[in-house]
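Here is a short tour of the model, meant to be read alongside the sequence and the coordinates.

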Amino acid sequence: MTTFADSLAAIGDAVGVQPAPSVLRSVLTRAAQSRPATVVAPCSPLDAYLGAAADVRPLLLRGDPQLVAHVVGMEEHVLAWVRGEHTEIDDHAAVRSDAGVEAWDELVAGVAREAASAEPSREVTAFGLPTDVEGLLVLRTFELWTHAQDLAGAVPETDPARLALMSSRLAEVLPAAMAVRGVPRPGRTARLVLTGVAPGCFDVPLDPSDPSEPAGEPDVTIVVDVVDMCRVAARRADPGVIATQCEGDEELGRLVLAAADAFAQD
Amino acid sequence: MTFTLAVVADEVVLARLRAGDDRALAALYDEHAGMVYGLAGTVTGDASLAEAITADVFVELWQHPEMVAGTLRAHLAVTTHRRAVEIVRHQRGTDGRRPQGDRVAAVLDRLPDDQRAALVLAYFDGRTYREVADVLGVDDATAKRCLQDALRALRDHLAGDLGARA
């Protein structure tokens, strides 16, 4: 059945005239000055950390005691790191504590207190990696989110603002991740288009030595669901299996996706 | 919703728009700008107004992709028509004239009275089928048929005109 909208469109087509090229330029210029209302703004790293802890807590209460021991042991390290102390982890998976979930609550509250009073950009070393206080909170948010997946046996429903923070930080570290994997690509740019519950678009200059380098025209555009991308980064999904769409230099796209889990801890 | 191929393809592009991918916007523009511009031109009869409407329609789509229901093509057509009608109404309120192009005026002159009235009311004034039926004193089905015949005549005339110029 032909609708009124179909008839209108057919009339527009029938005219058979294109607007002047300046109209597209005007559209793109105006678009560059605003973002779609659907793009989700990230929450703060501290809110993300506390949200991830709150989500995983009920799962810990009824979950594997060994995992409880692990997260408590890890939180002891996180508290030390956010205080600026140096503690080494030889085997991340082997970290354990005798304390229980209530003690973990205290540790999480302690981390939050320390983080709230710390300079967000203060350098810390966490998991053997140089980062800052906010970076540490995002790393730990990723880990807690991953534990929640493991305990629930499925991807938990996650606050979109938290996913937006996780994915934006992930985009920022992709150049370093590629360098860690031995495939740096200075001078190239990847566009990461994250779809789903926390949509966002990131042009990532892939030079690990110069984070301030302005993004050039994307050599590749990678379209992927934001949750899938975070699962790849957490080493809970295979980049070769998830649904992705690559336009441009597909080999570069594969390298970017393959390097995304370079900083996953377990 | 019926899952036609167009809807499925639209979902992929819309997902990219929702993420803020301006390349998806440019691709959409390439596909639909002619239709939007042509439609705006037939309603307003003014090329510069049609260009302004075209730009506004695509910028609005960029800013609010969540407003799309159905196919993108239908959404763009309805949005364009609504905006063009608003401008025509505003101009008519200002200077009393009905800003139609010569090509559209030629079609209107040839149409039977009931079709011309339906076209003017719905296409240029943005009235609904029900409102057209009330004004013409006919039932909804008759108003709808009149309008569809008139729209088809307009489309065929414009397409024939294009063919003659080619």
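## A first residue

Is Ala153(B) buried, partly exposed or exposed? Ala153(B) is partly exposed, because its relative accessible area is 28%, where buried means under 20%, exposed means over 50% and partly exposed is in between (1.4 Å probe, protein chains only). This is a predicted model, in which local features need pLDDT of at least 70, side-chain atom pairs count only at pLDDT 80 or more, and totals for chains, interfaces and linings use all residues. Residues are numbered from 1 along each chain as its sequence is written, chains are lettered from A and ligands numbered from 1 in the order in which they are written, and side-chain values use heavy atoms, with hydrogens and water left out.

Ala153(B) sits in helix 8 of chain B; helices here are DSSP runs of H or I with at least four residues, numbered from the N terminus. Not counting residues up to four places away in sequence, Ala153(B) touches Val107(B) and Leu111(B), with contact meaning heavy atoms within 4.5 Å.

## Where the chains meet

The contact between the chains draws 50 residues from chain B and 43 residues from chain A. Together the two chains bury about 3,900 Å², with 65% of it on carbon and sulfur atoms; this is the accessible area (1.4 Å probe) lost on putting the two parts together, summed over both. Arg16(B), Arg23(B) and Tyr29(B) supply 15% of the area that chain B buries against chain A, more than any other three residues.

The rule finds 6 salt bridges across this interface, each a side-chain nitrogen of Lys or Arg within 4 Å of a carboxyl oxygen of Asp or Glu. One salt bridge joins the side chains of Asp56(B) and Arg30(A), at 3.0 Å from N to O.

## The nonpolar cores

A nonpolar core is a set of buried Ala, Val, Leu, Ile, Met, Phe, Trp, Tyr and Cys residues joined through side-chain atoms within 4.5 Å. The largest has 55 residues, and Val27(A), Phe58(B), Leu119(B), Tyr123(B), Phe124(B) and Leu154(B) touch the most other members. Helix 2 of chain B gives this core its largest share, 10 residues.

Leaving aside neighbours within four places in sequence, the contacts of Leu119(B) include Leu108(B), Leu111(B), Leu147(B) and Leu154(B).

Notes: Helix = DSSP H or I, 4+ residues; strand = E, 2+ residues; numbered from the N terminus.
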